[in-house]
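Biologist: Can you put the model up and take me through one of its helices and the loops on either side?

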Amino acid sequence: LHLISQAHLDPVWLWPLRDGLAEALTTLRSAVERARENPSFKFTRSSACTYRWAEECDPALFRDIRKLVRAGRWEPVGGWIEQPDCNLPSAESLFRQALLARAYYQKTFGDAGQTRIGYNVDS
């Protein structure tokens with residue numbers, strides 16, 4: 001039996017930016033703390049925008065996340081800037097979001113951050 005922790009969070013849905021950003025950073029901090037407590041803990045998180053928020057707003061937290069990604073204990077998933085609503089956007093907008101997110105993951109996490117897991121739980 002394998003359990004892999006994940007956090008489904010819609011930080012831009014019906015929330016002011018400051019609230020979504022605060023909740024996203026709190027969620028990331030909690031996951032890092034769980035990883036410190038338990039060496040076998042593994043976590044997954046989608047959404048390049050939340051990683052960028054951590055990078056810009058809490059560099060120490062972001063360094064911890066990068067270490068966990070490189071150690072194989074944190075898996076960036078989804079390959080999107082944020083999980084999109086797939087009902088109405090054009091195909092071009094979906095492809096563009098994926099291209100921009102993949103470029104961010106590559107620049108930020110290197111090969112360890114290339115998403116291999118699809119993740120779009122709302123749609």
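Modeller: The buried residues of α2 pack against α1 (17-37), β2, α3 (59-70), β3 (74-76) and α4. Helices here are DSSP runs of H or I with at least four residues and strands are runs of E with at least two, numbered from the N terminus. Contact means heavy atoms within 4.5 Å.

Biologist: What should I know about the source?

Modeller: This is a predicted model, where local features need pLDDT of at least 70 and side-chain atom pairs count only at pLDDT 80 or more, while totals for chains, interfaces and linings use all residues. Residues are numbered from 1 along each chain as its sequence is written, and side-chain values use heavy atoms, with hydrogens and water left out.

Biologist: Which residues of α2 are buried?

Modeller: A48, C49, T50, Y51, W53 and A54. Buried means under 20% relative accessible area, with exposed over 50% and partly exposed in between, for a 1.4 Å probe and protein chains only.

Biologist: At what angle do α2 and α4 pack?

Modeller: About 40°, with the axes of α2 (residues 48-57) and α4 (residues 91-109) 10 Å apart. Axes are lines fitted to C-alpha atoms, for helices over the stretch in contact, and angles run from 0 to 180 degrees between N-to-C directions. The two helices are therefore oblique to each other; under 35 degrees counts as roughly parallel, over 145 as roughly antiparallel, 65 to 115 as roughly perpendicular and the rest as oblique.

Biologist: Which residues make the contact?

Modeller: A48, Y51, R52 and E55 of α2, and A101, Y104, Y105, T108 and F109 of α4.

Biologist: And α3, how do the axes cross?

Modeller: The axes of α2 and α3 come within 5 Å and cross at roughly 130°. That makes α2 oblique to α3. Y51, A54, E55 and C57 of α2 meet P59, L61, F62 and I65 of α3.

Biologist: Switching to the loops. Where is S47?

Modeller: S47 is in the loop between β2 (43-45) and α2.

Biologist: Buried or exposed?

Modeller: S47 is buried, with a relative accessible area of 1%. Not counting residues up to four places away in sequence, S47 touches V77, W80, I81, E82, Q83 and Y105. The side chains of S47 and E82 are joined by a polar contact of 3.0 Å. A polar contact is a pair of N or O atoms within 3.5 Å; within protein, one must be able to donate a hydrogen and the other to accept it, and residues adjacent in sequence count only if both atoms are side-chain atoms.

Biologist: How far is S47 from Q83?

Modeller: S47 and Q83 are 6.4 Å apart, C-alpha to C-alpha, and 36 residues apart in sequence.

Biologist: What is the phi of S47?

Modeller: Positive, about 80°, although S47 is not a glycine. Most residues other than glycine have a negative phi.

Biologist: Now the other loop. Where is D58?

Modeller: D58 is in the loop between α2 and α3. At 15% relative accessibility, D58 counts as buried.

Biologist: What is D58 in contact with?

Modeller: R29 and W53, leaving aside neighbours within four places in sequence. A polar contact of 3.0 Å joins the side chains of D58 and R29.
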